[in-house]
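Student: Could we go through this model together, one question at a time, with the sequence and the structure side by side?

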Amino acid sequence: MPRSYDRRTFIANGLKTTAGAAALGGTGALLDACGGSSKGGGGTTTTPPTTYNVKKHLKTGWGSGTPVRGGTLTIGTEADESGFDPSEVAFDSTGVMYARTIYDPLAITLADGTIEPYLAESITPNADYTSWEITLRPNVLFHDGTACDGAALLLNMKTYLASPLVNFTLTYVDSISQTGPLSVTINMKNPWVSFNAWLAGYIGGQIAYVFAPNASHKKTLNLHPVGTGPFVFESWQPNVKFTATANPHYWRKDSAGRQLPYVDSITFLPIPDVASRFSALQTGEIDLMHTDDDPTILQIRSLTSGYAYVEDDVITVGQPDMDFLMINTAATPLNDIRLRRAMAYAFNQPNYRQVICEHVAGPTDGLFPPGNEYYNPAGTGYPTYNPAKAKALVQAWMHDNGGQPPVVPYGVTQTPESERAAATASTYFTAVGFKVQPSTVQQAQLIGDAVLGFFHVLGWRQFANVDPDLNYVFWAKTAAVSHTGGFVTNFARFQDNVVQSELDKARQTADHATRVAAYQAVEQRICQDLPYIFTDRDVWNVCANTKTQNWNHPTDPQGHVGLGMLSGIIWPTEIWKTT
Amino acid sequence: MIWLRRAIQLVVTVLLVTLLTFLLTSLLPGSPVYEICQGAGNACVKQVTALDGLNKPFVVQYLLWLKHLLTGNLGYSYTEGASFGAQGVPIASLIKTAYPITLEEIVFSQVMALMVAVPLAMYAALRPNRLFDRLSTTVSFATLSVPTFIVAPLLVLIFAVTFHVFPGPAAQIPSLFSGQFLTNLHTMFLPAAVLAIGSVAVYQRLLRADMVATLEEDFILMARAKGLTTARILTRHALRPSTFTLMTVAGIQVGGLITGAVIVESVFQLNGLGLLLTHSVAQHDYPTIQAITVIVAVAYIVINLLIDSLYLVIDPRIRRARATS
């Protein structure tokens, strides 16, 4: 999210925490009112998946006609990655696309949210989900010609377990062993029903990607990745260009038996300046771009022809990115619930959406927006804008604390957009009696502050994923206490027994209704305890010229429709370019 | 002797630049350790701090860095290709990729600026205070007053996005020596033009003023009396002695051009030193910032040294005076 964090922001522990700092942008509420729409190219082939809002989506980005072989696909991204080793570099949206280029994930998320095997032939739990057996497809080779087999997968999993970047997400894992020529079995300490969602390779699910053991042994994986994926690494100039060429021995074919991928090569150009990225798309220097910058999204929406775009507020599986102010609930004075509640009441979301977010998406009052499978129609209990109540709560706190106004340091990243958003939000809090101290810090420092607890309020972005279980490490009580190394991943440091038990319940049950109820309970507890002041839902937009086809229509090896763009991430495997 | 003095001056200046560069980057808020560890925890912070000598006194850190610099080791990026404190890509390779683009961009822009400014200045000087002179003065001030960050996106919008005359941002630039010379120039034209616009105004005004004075010299009167054509007088007799100020300013301008390159390369996504510097600053990649700053500073000093030397070539009076002394 350029306006708050660029990709290399979050990282580390949080895997998925592409969390963007900065309380910026945003929007909120009713998706129908403010959400994106789609137009332009892309033909139709089959019935669109039910998880899309059909009115808005119209299957944009689905290929039209017969696939065309050849050409170079050029994708403009918001930033570059710092490497390719999934055990050492936390992938954000760009990184996941890199990973899908070079590696294959073990599983894929389908459009309805179900998880199916991808590189794996089967992913099978035992009866009580305390053991998962992953069996790879036969005869799949890494780009270096070595076999992708059980031994390779075992090494991968052991590497991930030893990685400080990843291992804290695998606390349920007890042991791993090779149980066949192509099989590995992962034994859990407790039932882990949603473990397969971690194998689908979205942000945070890096253990999904299988790398060649040789490259890992030689310690060259980070700069010269070797996987089984549709493209073979060719070159990488940091912040300049990453190029890969079609893997002639790729194991996947399309439903008509044509060899994948269709394009000869793929190039990613990191273009952090979103205006330049958009110009590059318009001048044909790139074929496709992603952004979550609200003004640019508005410009893209105004394009009349020659382009097609989708926005991820129409995807209702999993969980979207949210922009919010993250509060350190362990630090004085915001450890007092009255002040957190006062901040929630004071935050003028309608005004913020207009001034900062330009109404790109709708308002928000929780983790799961309307239309989402975990959305609670009964309401989340999140406070609505009410400055009078906010003032009263602040006055009550001041009465008990010597009459001085509560002082709230408020950190954001050093971008004009972040500072503008922070300035706007500060006026809301100041108006009800807070003394706000906005400050800007370097991005990495902001993350370090969150991890180590050196903050009161931070602008932040987080939570997009295909299953809320991938956010376990950010909400669990067990994650609010220090890990080895002195950091925590429950950055807001709220310690709620109910949240912990509901998270464990959701992780351990196979009953969907129970899961939904559990996550709704988590959301309600969060909306009561208020570690987050929600500002808006973050909307991602992917836009391509109409020569670029089928970029939002991934399929699994059986031909089932996969989940389309989420958080600016697409699949490169089945894209083709017309002349 | 004079060259020895110049060489000593060069070394001292470069040393001062390295010291200032190291000092200023050290004073930046925050710590590069956070960037390296990316929140990986105290263990990583301690490890990296010790490994990179960041816990050593400033002077020791500086001397270590200088020692590496003098042996041609620019170090490794803190961010690019780095993970959890592991070494990133060599900074030398980043700079090796980036510098030809910035160099070409600046040279091209200056050639472009001179090709426009010199004829305009000569024509204006020939008829001072007439319509063309006044018009060119007005246009010069107008172009000078528009900053690069406005000109660049405007030219992109007009010539790349709307009329598709030139490639837009992120266009791939073939090497100048790859056999695609024209493609290279076509791609580089717009970025160079953005840089050139400011220079044209400056060069035109300076050369015009000097040339007006030169045209009043006796030797010009003599040339006219001998019946030489105006064109010959301007190009063969008046131009050379009028270029001292122009050359001096051109040398000084190099610093401004590099600053402009940061903006131009960001807008056009040219992967030169400017864009590399922008990324490095954003990511607090201190070793890369320090390396680029030193290289640019040395280049700046050397260019101005060369321009000083050019005075000897251009003006025989200076040559003779130095020979006498």
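Student: Which residues in α8(A) are buried?

Tutor: This is a predicted model, in which local features need pLDDT of at least 70, side-chain atom pairs count only at pLDDT 80 or more, and totals for chains, interfaces and linings use all residues. Residues are numbered from 1 along each chain as its sequence is written, while chains are lettered from A and ligands numbered from 1 in the order in which they are written. Helix α8 of chain A, residues 337-346, is mostly covered, with seven of its ten residues buried (20 or more other C-beta atoms, placed from the backbone, within 10 Å of the residue's own). Those buried are Leu339(A), Arg340(A), Ala342(A), Met343(A), Ala344(A), Tyr345(A) and Ala346(A).

Student: How many helices are there in chain B?

Tutor: Helices are DSSP runs of H or I of at least four residues, and strands are E runs of at least two, numbered from the N terminus. Chain B has zero strands, and its helices number 14.

Student: Is α8(B) roughly parallel or antiparallel to α11(B)?

Tutor: Helix α8 (residues 181-214) of chain B packs against helix α11 (residues 244-268) of chain B at an angle of about 160°, their axes, lines fitted to C-alpha atoms over the stretch in contact, being 8 Å apart. Because angles between N-to-C directions over 145 degrees count as roughly antiparallel, α8(B) is, relative to α11(B), roughly antiparallel.

Conventions. A residue is buried if 20 or more other C-beta atoms lie within 10 Å of its own, exposed if 12 or fewer, and partly exposed in between; C-beta atoms are placed from the backbone. Axes are lines fitted to C-alpha atoms, for helices over the stretch in contact, and angles run from 0 to 180 degrees between N-to-C directions. Angles under 35 degrees count as roughly parallel, over 145 as roughly antiparallel, 65 to 115 as roughly perpendicular and the rest as oblique.
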